[in-house]
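Here is a short briefing for a first look at this structure.

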Amino acid sequence: MSQTFITEDFLLHNEVAKKLYHEYAKSQPIYDYHNHLSPKDIAEDRQFENITQLWIEGDHYKWRAMRANGINERYITGDASDLEKFKKYAETLPYTLRNPLYHWTHLELKNYFGFTELLNADSAERIFHTCNELLKTPEYSVRNLLLKMNVKMVGTTDDPTDDLAYHKKLKEEGFEIAVLPTFRPDKATEIEKGQAFVDWIYKLETVVGYAISDYATLIKAIAERHDYFHEVGCRISDHGHNNYYGADFTVEEVDAIFKKGLQLQPLTSLEIEKYKSAVLNKIATMNHSKSWVQQFHVGAIRNNNAKMMELMGADQGFDSIGDQIMAENMSRFFGRLSIENALAKTIVYNLNPRDNEMIASMVANFNDGSVAGKMQYGAAWWFLDQKDGMEKQLDVLSNFGLLGRFVGMLTDSRSFLSFPRHEYFRRILCNVLGEEVEKGELPNDMKLIGNLVTNICSQNAVQYFNF
């Protein structure tokens with residue numbers, strides 16, 4: 001039987017790194033301020049029937065790996081049994097060596113289920129049934145999975161039309177983990193999507209209880225939902241776009257564009273850019289007025305496979321890194337907010353590693369001395385969420401900003417088994433710092449470096465988000 005390579009000192013390649021991780025990082029609580037977990041599952045304390053439902057359903061990383069391995073879609077998102085799907089993933093896993101999936105998979109199997117052997121075709125069925133027996137026990141309900149990982153805060157991702165009933169239920173019950181909503185108003189900006197945009201406006205009308213026929217009433221409705229989210233405990237907004245939008249506009253222009261969009265009339269690329277620029281500017285101003293933190297996840301090209309989009313719909317794992325030019329748009333977008341004295345605390349994430357230095361240098365332009373670490377170059381995101389990407393993000397952040405003010409890692413995940421990604425990041429962080437201490441590039445002052453690690457793992461986020 002093969003034994004796991006994930007030892008106590010996994011990814012820790014020097015003595016200082018080991019000390020930093022085990023004495024300063026390992027026990028830090030987790031404030032997972034951005035993810036896509038289901039508040040319904042938390043509120044209802046869902047008990048998953050099997051590990052496939054918990055671990056493979058909805059996981060685009062695993063789906064992409066299985067497709068690359070020649071696995072038929074029936075065993076990925078199709079009607080195959082959960083055991084068959086699990087076995088196909090296990091069959092794929094040995095081919096993922098040097099892919100972060102290999103590390104994440106075995107970290108999760110070890111941390112949640114105690115498995116120290118490798119997952120492969122031979123061990124798959126035994127691991128499947130053993131995990132499923134554990135999942136039947138109360139200790140493996142959703143809430144207990146979160147408690148098991150020392151999670152203190154979960155920031156879900158929520159549309160402005162959501163009623164947030166599950167967040168309110170959790171708060172009323174006094175659940176010890178703060179489950180807070182995040183305002184994700186992307187659909188309010190997606191005027192280029194035609195009927196889907198109009199349908200969302202109709203949904204917003206239903207929620208606010210009045211017709212939205214012009215730009216003024218649209219902003220009124222968004223502001224009301226922003227207020228409602230704040231009342232329920234929201235303190236963060238999140239924005240996922242192809243690019244930044246900093247076009248010049250007038251209210252009259254945007255009103256006319258919005259009305260054209262409602263009537264499904266063709267729009268020019270400039271009209272779309274003006275509309276997005278105006279709406280995002282208004283929402284960013286709302287964020288500032290309530291002292292929220294705003295996040296910008298920018299740079300993906302989504303739903304690239306037109307055939308699979310037609311067959312399966314959106315968000316099925318056919319997204320990729322974009323190569324948009326965005327520096328001038330960023331400058332104009334944040335610059336306008338700065339002029340208006342309406343720039344909230346902001347975290348930016350990029351998807352193309354080509355843009356690392358540009359993004360980090362751009363956000364630093366808008367620090368104003370009002371808040372330590374106000375403009376954050378965020379954690380390595382999505383396709384960069386792996387060892388190489390994390391190390392590069394740490395290097396760029398250190399070179400262009402203040403590593404000591406970094407608010408640390410997040411899962412950005414839909415899986416309740418994803419929290420070992422915090423451990424993964426912490427081990428990488430400690431190894432990077434430990435290596436430089438041993439080379440004499442950083443002082444061999446354990447209190448100094450250990451305090452840095454503690455802050456990045458948890459305390460900076462607590463202070464920055466006012467948790």
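Rings of Phe, Tyr and Trp (its six-membered ring) pair if their centres lie within 6.5 Å; planes under 30 degrees apart count as stacked, over 60 as edge-to-face and the rest as tilted. Ring pairs link Tyr31, Tyr33, Tyr464, Phe465 and Phe467 into a cluster. This is a predicted model: local features need pLDDT of at least 70, side-chain atom pairs count only at pLDDT 80 or more, and totals for chains, interfaces and linings use all residues. Residues are numbered from 1 along each chain as its sequence is written, and side-chain values use heavy atoms, with hydrogens and water left out.

**Aromatic pairs**

- The structure holds 27 aromatic pairs.
- Tyr244 and Phe333 form a tilted pair, because their ring centres are 6.5 Å apart and their planes stand at 45°.
- Tyr244 lies in the loop between β4 (236-241) and α13 (251-262) and Phe333 in helix α16 (residues 327-339), so this pair ties together parts 89 residues apart in sequence.
- Helices (H or I, at least four residues) and strands (E, at least two) are DSSP runs, numbered from the N terminus.
- Tyr244 and Phe333 are both buried; buried means under 20% relative accessible area, exposed over 50%, and partly exposed in between (1.4 Å probe, protein chains only).
- The rings of Phe334 and Phe366 have centres 6.0 Å apart and planes at 45°, so they too are tilted.
- Phe334 sits in helix α16, and Phe366 in the loop between α17 (356-364) and β9 (375-377), 32 residues apart.
- Both Phe334 and Phe366 are buried.

**Charges over rings**

- A charge sits over a ring if NZ of Lys or CZ of Arg is within 6 Å of the ring centre and within 35 degrees of the ring normal.
- Arg74 lies over the face of Tyr75, 5.2 Å from the ring centre.
- Arg421 lies over the face of Tyr61, at 5.1 Å.

**Helices α12 and α14**

- The axes of α12 (residues 215-232) and α14 (residues 269-289) come within 11 Å and cross at roughly 35°.
- Axes are lines fitted to C-alpha atoms, for helices over the stretch in contact, and angles run from 0 to 180 degrees between N-to-C directions.

**Asn460**

- Asn460 belongs to helix α20 (residues 446-465).
- Its relative accessible area is 8%, so Asn460 is buried.
- The C-alpha atoms of Asn460 and Val407 are separated by 5.1 Å, though the two are 53 residues apart along the chain.
- Leaving out residues up to four places away in sequence, Asn460 touches Gly404, Arg405, Phe406, Val407 and Asn455 (contact means heavy atoms within 4.5 Å).
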